[in-house]
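Student: Before we turn to the model, could you take me through it by question and answer, giving the cut-off behind each term as it comes up?

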Amino acid sequence: MTTEVSPTLSHVSAQTESYLKDKFFGHVIDGAVVESIGGGTMPVIDPSTGIQIATAASGETADVDRVVTSSRRAFDEGTWRNLAPLEKEHRLHRLARLIDENRTVFGDLDAIDAGLLRTYTAFLEDFGVNATSYFAGWPSKLHGSIPPVPTGMNVQHRRVPRGVVGLIVPWNGPTAVVAMAAAALAAGNSVILKAAENTPMSAVLMAELAFEAGIPAGAFNVLQGTGQAVGSALVEHPGTDFISFTGSAATGRAIQSTAARSLTPVALELGGKSPFIVFDDAEIASTAAAATAAVWSGQGQICTAGSRVLVQRSIHDEFVAAMVDASRSVTVGHVFDASATLGPLVSQTQLDRVAAYVDLGRSEGVQVALDGGVTGDGGFFHEPVIFTDVRNEMRIAQEEIFGPVMSVIPFDDEADALRIANDVDYGLAAGIFTNDLRRSQRMTDGLDVGTVWVNTYQAGYPTVSYGGVKQSGYGRTLGEEMVHELTHIKSVWIAQ
Ligand code: NAD
């Protein structure tokens with residue numbers, strides 16, 4: 001690692017520059033940014049240059065104890081959960097407004113921290129504002145119910161918060177994932193946001209804004225550090241009542257196994273290997289553009305990346321040629337370069353992982369329709385790659401690569417498409433491109449996934465529940481289901 005100043009920083013706005021001045025990305029406890037008890041730190045690396053741009057806290061078990069103690073106190077004292085529902089709403093709406101006012105800073109942070117193109121981050125800021133606004137409306141709508149019971153008794157089903165909720169998030173869309181804290185707050189919980197070690201920045205800003213919006217001390221804390229050091233300790237901690245995790249399937253399995261010891265309930269939003277299915281009646285040019293966007297956007301580091309493109313054999317060659325054509329305009333470049341359409345991967349580790357999968361693909365004997373490799377000087381850049389003649393059992397077709405690498409697999413008919421689409425461990429999402437309405441319905445019925453898109457891909461909105469089946473996890477993010485998941489039902493029997 002080098003100590004030079006990253007040229008990337010000269011591109012951030014004046015507002016961001018002022019925010020970053022002497023900024024330490026510590027834990028946020030009781031509204032204050034603090035160092036780790038043991039003084040541990042970790043570098044924040046700019047993916048466009050590989051240069052350290054800031055320093056974050058790196059916690060240990062003692063920090064987890066301290067954060068949980070604060071969150072527990074806030075929950076037990078009821079400073080947040082016992083506020084009147086509409087007062088909670090006012091404060092969460094204030095938070096949404098503050099996110100909106102700080103969207104330039106969030107966008108810059110996502111660019112320099114996660115390596116996301118500045119032209120792409122607007123989507124994350126919109127999502128952060130919209131998701132927070134949506135969840136802000138929930139405190140006054142968390143109705144319980146009154147079930148029918150024999151005469152002589154009354155029963156209330158009360159919907160109550162889980163308690164102290166650990167929200168463990170990944171690095172691939174920082175502002176969007178940290179905004180999920182609003183769901184846990186809307187349900188009345190105290191939230192501990194465990195930021196990803198690659199992207200500690202936006203979590204700190206979000207917690208600071210929450211405090212400014214009137215979320216009381218301890219109701220929204222942030223924990224910084226590695227998954228091994230603080231993530232697992234948070235899951236294991238007896239003061240944690242619920243874990244909402246978004247990340248890889250491997251980590252999801254580790255979390256479920258740790259949580260089993262204390263029977264702490266968990267919700268797991270995991271990875272995917274989603275099929276983008278193209279039938280021979282689809283419009284070729286626009287569908288090819290959508291297929292490439294589904295893998296190149298975010299450099300392929302999106303859980304729903306359409307990384308397996310299933311194409312009906314009769315249009316296979318024409319469709320591959322159209323995708324290669326659509327990809328010719330891809331420009332790999334720096335996050336603040338307005339002409340760039342593909343930025344860096346998040347880290348050297350991720351770059352090495354993607355490069356290793358590309359080597360693996362070549363060694364598995366596939367054809368390379370669009371050739372690419374590691375590129376650039378200093379940053380973590382990888383050009384897009386299209387593999388064709390891929391067999392679904394190959395590792396490049398089965399494992400989540402999380403980079404700009406597409407595997408094209410031909411199919412003969414509807415049954416064949418369905419068999420290949422479902423023949424993976426994951427079940428997060430799928431896209432179907434056809435003008436045949438009945439076929440789209442049959443395919444939708446048969447696909448074993450949490451989300452199906454028909455003639456569109458990666459559409460999302462905070463009102464719409466989202467999540468997976470199989471190795472893509474269980475539980476739902478967004479929508480009514482997420483708020484309900486962050487509560488439990490207490491049944492109260494009252495004798496007449
Ligand atoms: P990751 O699993 O490595 O890490 C995610 C988070 O878990 C980080 O904060 C990390 O510090 C923490 N962690 C790691 N080990 C832990 C442990 N043993 N106990 C507790 N916490 C631990 O994932 P990542 O590399 O940050 O993100 C990429 C993955 O996230 C991909 O698989 C992607 O598909 C998935 N993802 C899924 C969704 C979804 O909604 N389904 C959304 C975004 C990303």
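Student: In which helix does Ala229 lie?
Tutor: The model is a predicted one, in which local features need a pLDDT of at least 70 and side-chain atom pairs count only at pLDDT 80 or more, while totals for chains, interfaces and linings use all residues. Residues are numbered from 1 along each chain as its sequence is written, and side-chain values use heavy atoms, with hydrogens and water left out. Helices (H or I, at least four residues) and strands (E, at least two) are DSSP runs numbered from the N terminus. The run that covers residues 227–236 and includes Ala229 is helix H9.

Student: Is Ala229 buried, partly exposed or exposed?
Tutor: The classes rest on relative accessible area, found with a 1.4 Å probe and protein chains only: buried means under 20%, exposed over 50%, and partly exposed in between. Ala229 has 29% relative accessibility and therefore counts as partly exposed.

Student: Which residues is Ala229 in contact with, leaving aside its neighbours within four places in sequence?
Tutor: Contact here means heavy atoms within 4.5 Å. Phe433, which is 204 residues away from Ala229 in sequence, lies 44 Å away in space, C-alpha to C-alpha. With neighbours up to four places away set aside, the residues in contact with Ala229 are Gly59 and Thr61.

Student: How is the protein chain divided into domains?
Tutor: The bounds come from an automatic or database domain assignment. The chain is divided into domain 1, made of 7–270 + 472–493, and domain 2, which covers 275–461.

Student: How many residues does the contact take from domain 1 and from domain 2?
Tutor: Taken over C-alpha atoms, the centres of domain 1 and domain 2 are separated by 31 Å. To the contact between them, domain 1 gives 28 residues and domain 2 gives 30 residues.

Student: Which residues does Tyr466 contact, leaving aside its neighbours within four places in sequence?
Tutor: Tyr466 is placed in the loop between strand E21 (451–454) and strand E22 (469–470). Its C-alpha lies 7.8 Å from that of Gly479, a residue 13 places away in sequence. Beyond the close sequence neighbours, the residues in contact with Tyr466 are Glu269, Cys303, Thr304, Leu428, Thr451, Gly475, Arg476, Thr477 and Leu478.

Student: Is Asp110 buried or exposed?
Tutor: Asp110 has its place in helix H4, which covers residues 103–114. Not counting residues up to four places away in sequence, Asp110 touches several residues, including Pro174, Thr175 and Ser202. Because its relative accessibility is 1%, Asp110 counts as buried.

Student: What is the relative accessible area of Thr258?
Tutor: Thr258 belongs to helix H10, residues 249–262. Apart from neighbours within four places in sequence, Thr258 is in contact with Ser232, Val235 and Glu236. Thr258 counts as buried because its relative accessible area is 12%.

Student: What distance separates the C-alpha atoms of Met153 and Thr8?
Tutor: Met153 sits in strand E6, which runs over residues 153–161, and with a relative accessible area of 34% Met153 is partly exposed. Leaving aside neighbours within four places in sequence, Met153 is in contact with Trp493, Ile494, Ala495 and Gln496. Along the chain Met153 and Thr8 are 145 residues apart, and their C-alpha atoms are separated by 67 Å.

Student: What is the phi of Asp22?
Tutor: Most residues other than glycine have a negative phi. Asp22 lies in the loop between helix H1 (14–20) and strand E1 (24–25), where its relative accessibility of 73% makes it exposed. Asp22 is not a glycine, yet its phi is positive, near 55°.

Student: What phi does Asp389 have?
Tutor: Asp389 lies in the loop between strand E17 (385–388) and helix H14 (395–398). At 43% relative accessibility, Asp389 counts as partly exposed. Although Asp389 is not a glycine, its phi is positive, at about 60°.

Student: What radius of gyration does the protein chain have?
Tutor: The radius is taken over C-alpha atoms, and the globule rule is 2.2 Å times the number of residues to the power 0.38. For 496 residues a compact globule would have a radius of gyration near 23 Å, which agrees with the value for the protein chain, 23 Å.
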